[in-house]
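Thanks for making time. I will go through one structure this morning, contact by contact, and then turn to its surface.

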Amino acid sequence: MNTLNLRQAIIQRVHDKSSEDLLDIIDSSVGADERTLPGLGVLFELIWQDTSPDGRQQMVETLHHHLASIPAPLQTARQSRKT
């Protein structure tokens, strides 16, 4: 019996999808249940691997800008004791 790892299973699930299908999958996953995060991570990895250094820098700057615009998450008691 062949076993697929998570990355392979996600790629297999979306392999023959149209661009419209992929857009729907991503749109319905963003902000959804945390169980969709690994799938988005695999899709991001595929995009990252096929993106130029300039495109990667633009994505990082977009992410940095977005993170700067939202409040920092609350620290847990364990984290606050370390500081």
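**Side-chain contacts and surface patches**

Searching the whole structure turns up one aromatic pair. The rings of Phe44 and Trp48 have centres 5.6 Å apart and planes at 40 degrees, so this pair is tilted. For the rule: rings of Phe, Tyr and Trp (its six-membered ring) pair if their centres lie within 6.5 Å, and planes under 30 degrees apart count as stacked, over 60 as edge-to-face, and the rest as tilted.

Before I continue, this is a predicted model, in which local features need pLDDT of at least 70 and side-chain atom pairs count only at pLDDT 80 or more, while totals for chains, interfaces and linings use all residues. Residues are numbered from 1 along each chain as its sequence is written, and side-chain values use heavy atoms, with hydrogens and water left out.

Back to the pair. Phe44 and Trp48 are four residues apart in helix H3 (residues 37-49), which means about one helical turn separates them. Helices here are DSSP runs of H or I with at least four residues, numbered from the N terminus. Phe44 has 43% relative accessibility and counts as partly exposed; Trp48, with 27%, is also partly exposed. Buried means under 20% relative accessible area, exposed over 50%, and partly exposed in between, with a 1.4 Å probe and protein chains only.

Next, salt bridges. The rule asks for a side-chain nitrogen of Lys or Arg within 4 Å of a carboxyl oxygen of Asp or Glu, and the count comes to two. Which side chain does Glu45 meet in a salt bridge? That of Arg7, at 2.7 Å, N to O. Glu45 lies in helix H3 and Arg7 in helix H1 (residues 6-14), so the pair ties together parts 38 residues apart in sequence. Glu45 is partly exposed at 26%, and so is Arg7 at 42%.

Asp33 forms a salt bridge with Arg35, with the closest N and O atoms 3.1 Å apart. Here Asp33 is partly exposed at 40%, whereas Arg35 is exposed at 70%.

Last, the patches. These are made of residues with over 30% relative accessible area and no salt bridge, with like charges joined within 9 Å and nonpolar side chains (Val, Leu, Ile, Met, Phe, Trp, Tyr) within 5 Å. Glu20, Asp21, Asp24 and Asp27 gather in a surface patch of negative charge. Of these, Asp24 sits in helix H2 (residues 19-29) and is partly exposed at 44%.

Notes:
Accessible areas come from the Shrake-Rupley method with a 1.4 Å probe; for residues, only the protein chains shown count as cover. Lys and Arg count as positive and Asp and Glu as negative; His and the chain ends are not counted. The place of a charge is taken as NZ of Lys, CZ of Arg, CG of Asp or CD of Glu. Helices (H or I, at least four residues) and strands (E, at least two) are DSSP runs, numbered from the N terminus.
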